[in-house]
Amino acid sequence: MTLRGHSKISVIAAAADVGSTSVHLLVASVDDWRLDTLADESAFLGLGEAIDAQSHFGPTVIEKLAGTIAAYAERAVALGATRVAFVGTDPLRRAADAATAVHAAAQRSGAAVHVLTQHEEALLTLLGVTAGRRVKRPMLVVDIGGGSTEFVIATPDAPLSIGGFPLGATRLTGQIVRHDPPTRAEIDDLKQAARDVLAGAPDEEPGDLVLVGGTATNLLRLMPPSSPAGQLTLRRLAGALDLLARTTAADVAAERAIRPERARLLPAGAAIVAALLERYGATGARVSEAGVREGTVLALARAGVGWRDALPGLAGGWR
């Protein structure tokens, strides 16, 4: 039985987010706020690169996207999901033919694709990180994606502050990197470009700086075993950039169990994280494995079809 509000809930829900780098599916059994993962898989489509190259997806990319979403919808139902949501972020906000892509995906899968506003994306990210807990000290959550970087500043007893920048690992790579591995000059340019954009980041003294998204979680794989668990530090990032400047993406992928497509974006990702830490005078940041997908699954479980309307309240926490 599934109950709403603050009652105990038990339901299987699924969410997939359509991002600049990949489409990622999560299917989970939700028991109140606890998620038991049944499936966690992704498909690299490179939607952000397609948009940066020509401002739209085009028929071939749209067909791949629709097929991926249809396969994920089938997978979710096969695992018992009774609530399913597909959410689109930066690429579906930017593509000239986004409406065509959304319609094609819905036709193939029988499921709607919700194109999130930046505000909704931030609320879902915060919900995924906190899992329904109320924030007790200032928290800055930063989602570094392929095409954009989203900020959420959560402070007890104050409205959320939400914003973002057109700065992402895919976009920055396309603008600067021409070699594999990138040259030292390209690494320096990546770092400076990230600093320039993040100079406009909101002023804050977060008690907790949290990074989410594939950029941050894959950078963890470059950290040496002696690194603090789940932490990215300025010193370790400098070491990672040194490694990335002398190792091809294929070798990084093979040695660290990272997708080759993702490995190619890590120099830009590391530069963005380093610039972010410098901007806030932090020596390191915590990396959360949870984000938009987990937040969407929790929102679906607690609010059902009205999950988008319920987001402001849910992000405030019920635990």
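In this predicted model, the loop between α6 (169–176) and α7 (184–198) contains Pro181, and the peptide bond that leads from Asp180 into Pro181 is cis, with omega near 0 degrees. Two further loops hold a residue with a backbone angle worth noting. Ser55, in the loop between α1 (47–54) and α2 (59–78), has a positive phi of about 70 degrees although it is not a glycine, and with 46% relative accessibility this serine counts as partly exposed. Ala131, which is placed in the loop between α5 (118–130) and β6 (139–144), likewise is a residue other than glycine with a positive phi, here near 50 degrees; Ala131 has a relative accessible area of 13% and is therefore buried, the limit being 20%.

Helix α4 (residues 98–109) consists of twelve residues and reaches 16 Å from its first C-alpha to its last, close to the 16 Å expected at 1.5 Å a residue. Its buried residues are Ala98, Ala101, Val102, Ala105 and Ser109. Because these residues cover an arc of only 100 degrees around the axis, they are on the same side of α4. The cover over them includes α2, α3 (90–94) and β5 (113–115), whereas the face of α4 turned away from the buried side carries Ala99, His103 and Gln107, which are exposed. The helix is followed by Gly110, whose phi is positive, near 75 degrees.

A search of the whole structure for aromatic pairs finds one. This pair is formed by Phe151 and Phe165 in an edge-to-face arrangement, with 5.5 Å from centre to centre and 75 degrees between the planes. Since Phe151 lies in strand β7 (residues 149–154) and Phe165 in strand β8 (residues 161–165), the pair ties together parts that are 14 residues apart in sequence. Both phenylalanines, Phe151 and Phe165, are buried. Tryptophan rings, in turn, are found with arginines over their faces: Arg34 lies over the face of Trp33, at 5.1 Å from the ring centre, and Arg302 lies over the face of Trp318, at 4.3 Å from the ring centre.

Side chains of opposite charge can pair when their charged atoms come close, and 16 salt bridges are found in the structure as a whole. One of them joins Glu150 and Arg93, with 3.4 Å from N to O, and links distant parts of the chain, given that Glu150 is in strand β7 and Arg93 in helix α3, 57 residues apart. Within this pair, Glu150 is buried at 3% relative accessibility, while Arg93, at 30%, is partly exposed.

In another salt bridge, between Glu120 and Arg308, the closest N and O atoms are 2.7 Å apart. As Glu120 lies in helix α5 and Arg308 in helix α14 (residues 307–315), this pair ties together parts that are 188 residues apart in sequence. Glu120 counts as buried at 13% relative accessibility, and Arg308, with a relative accessible area of 27%, is partly exposed.

Arg286 and Asp208 also form a salt bridge, the closest N and O atoms being 2.7 Å apart. Here the parts tied together are 78 residues apart in sequence, because Arg286 lies in strand β11 (residues 284–287) and Asp208 in strand β9 (residues 208–212). Arg286 is partly exposed, at 30% relative accessibility, and Asp208 is buried, at 13%.

How values were computed:
Residues are numbered from 1 along each chain as its sequence is written. This is a predicted model: local features need pLDDT of at least 70, side-chain atom pairs count only at pLDDT 80 or more; totals for chains, interfaces and linings use all residues. Side-chain values use heavy atoms; hydrogens and water are left out. Helices (H or I, at least four residues) and strands (E, at least two) are DSSP runs, numbered from the N terminus. Buried means under 20% relative accessible area, exposed over 50%, partly exposed in between (1.4 Å probe, protein chains only). Rings of Phe, Tyr and Trp (its six-membered ring) pair if their centres lie within 6.5 Å; planes under 30 degrees apart count as stacked, over 60 as edge-to-face and the rest as tilted. A charge sits over a ring if NZ of Lys or CZ of Arg is within 6 Å of the ring centre and within 35 degrees of the ring normal. The expected span of a helix is 1.5 Å times one less than its number of residues. The arc is that of the directions from the helix axis to the C-beta atoms. Contact means heavy atoms within 4.5 Å. A salt bridge is a side-chain nitrogen of Lys or Arg within 4 Å of a carboxyl oxygen of Asp or Glu.
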